[in-house]
Amino acid sequence: MPTRSPVRGPALTGLGLGAAQLGNLGRPTSDADARGAVDAAWESGVRYFDTAPHYGLGLSERRLGAALSHRPRAEYTVSTKVGRLLVPSPRTADRQDDGGFAVPAAFRRRWDFGRDGIMRSLEGSLRRLGLDHVDVVYLHDPDEHWEQASTTGVETLVELREQGLVKAVGVGMNQAAMLAEFVRRCDVDLVMVAGRHTLLDHSAQDELLPLALERGVGVVAAAVYNSGLLAADHPPPAATYDYLPAPRELTERAAALADVCERHGVTLPEAAVAYPLRHPAVVSVVLGARDAVQSRANARRLAASVPDALWEELALLGLLP
């Protein structure tokens, strides 16, 4: 699988495996299916794996670490995230997590972008992953924590990078505007933008992507299906957009995109995967998978041939910038 190298940081395969589903995102995933998702991704050439403590209150990290434990460590890249510190919560262990994952609420998430919180979070991640180091660490969703994240948070990650404990540092968010501010003001190597550089949402193009290219910051595009609306050849009536029921206007727009794709012999998901990688600042597209079937489908979509004529027609029709 082709790789792309940011100006600073490790080379990443064009396709990365996002491990949120390994943490039982939305519904349970079996250990066997989670292992199958990682194994099939590896067999397809994927060597970049992204996880976070938030995903299933540590379950994603444990499953990912177990699945990679027999792989040569020098052959793959792992990123995790800090900012949501997992604190034991025995009083709620008999309840279900209220953070979107089908797991017992044996821990609670506590926002902490301070130095001690980041170090404790990373220590916990390494323990769950069974690794002595991760390659990339992102600040995770610091939307309401700009002051601490942009100062102490980034400074702590840079300290880890300068000590050689991580290869690259960055920020991962579901918005483009604040990511652009991190690129403009802070010493980051990568940003992960979720859902804002897709066929339906072009907001990352306004400022983030040009600025990242100018500053030599690599961009990892995640949530390129916008949580579901772009994941099927033709959008179903009950499709979701950013984890909520898709508005009619967006469903109709997605259907129009699908029609044009079909005329060019391309499926909507194939175009959704190819589109972010057209920008020179983008170094990888991270797709989630719940089992081996989905991992193989992700790899096939990445490998699909998408003609330039498709992009030209979409732009001509006003469906793309």
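**Asn24**

I started with the loop between strand E3 (15-18) and helix H1 (31-43), which is where Asn24 sits. Helices here are DSSP runs of H or I with at least four residues, strands are runs of E with at least two, and both are numbered from the N terminus. Before going on, I noted that this is a predicted model, with local features needing pLDDT of at least 70, side-chain atom pairs counted only at pLDDT 80 or more, and totals for chains, interfaces and linings using all residues. Residues are numbered from 1 along each chain as its sequence is written, and side-chain values use heavy atoms, with hydrogens and water left out.

Phi of Asn24 came out near 65°, positive in a residue other than glycine. I flagged that because most residues other than glycine have a negative phi. Is Asn24 buried or exposed? Asn24 is buried, with a relative accessible area of 7%. (Buried means under 20% relative accessible area, exposed over 50%, partly exposed in between, using a 1.4 Å probe and protein chains only.)

**Tyr243**

Next I looked at Tyr243, in the loop between strand E12 (240-241) and strand E13 (244-245). Its phi is positive too, about 70°, although Tyr243 is not a glycine. Tyr243 counts as exposed, at 59% relative accessibility.

**Largest pocket**

Tyr243 turned up again among the residues that lie nearest the centre of the largest pocket, along with Ala20, Gln21, Leu25 and Ala223. The lining has 40 residues, and the volume is about 1100 Å³. My note on method: on a 1 Å grid over the protein atoms alone, a pocket is an open set of points with protein on both sides within 12 Å along at least five of seven lines, a cavity is a set where a 1.4 Å probe fits but cannot get out, and lining residues have an atom within 4 Å of a point. Grid points are joined across faces, edges and corners, and a volume is the space filled by probe spheres set on the points.

Which elements give two or more residues to that lining? They are strand E9 (168-173), strand E10 (190-194), strand E14 (282-288) and helix H9 (292-303). H9 has the largest share, with four residues. By class I got 17 nonpolar, 15 polar and eight charged residues. (Ala, Val, Leu, Ile, Met, Phe, Trp, Tyr, Cys and Pro count as nonpolar, Asp, Glu, Lys and Arg as charged, and the others, Gly among them, as polar.)

**Second largest pocket**

This one holds about 210 Å³ of space. Of its 14 lining residues, Leu85, Leu86, Arg120, Arg127 and Arg128 lie nearest the centre. Strand E6 (84-88), strand E7 (107-111) and helix H3 (115-129) each give two or more residues, and H3 has the largest share, with five. The lining divides into seven nonpolar, two polar and five charged residues.

**Asp50**

Asp50 is in strand E4 (residues 48-50) and counts as buried at 3% relative accessibility. What does its side chain meet? A polar contact of 2.6 Å joins it to the side chain of Lys81. (A polar contact is a pair of N or O atoms within 3.5 Å; within protein, one must be able to donate a hydrogen and the other to accept it, and residues adjacent in sequence count only if both atoms are side-chain atoms.) Leaving out residues up to four places away in sequence, Asp50 touches residues including Leu17, Tyr55, Tyr138 and Met192, where contact means heavy atoms within 4.5 Å.

**Helix H8**

Helix H8 (residues 268-277) is mostly covered, with nine of its 10 residues buried. Those buried residues pack against strand E1 (3-4), strand E11 (218-222), helix H7 (248-263), E14, H9 and helix H10 (308-316).

Over in H7 I checked Asp259, which is partly exposed at 38%. Its C-alpha atom is separated by 8.1 Å from that of His234, 25 residues apart along the chain.

Last, I searched the whole structure for disulfides and got zero, with a disulfide taken as a pair of cysteine sulfur atoms within 2.5 Å. Cys186 is buried at 13%, and Cys261 is buried at 0%.
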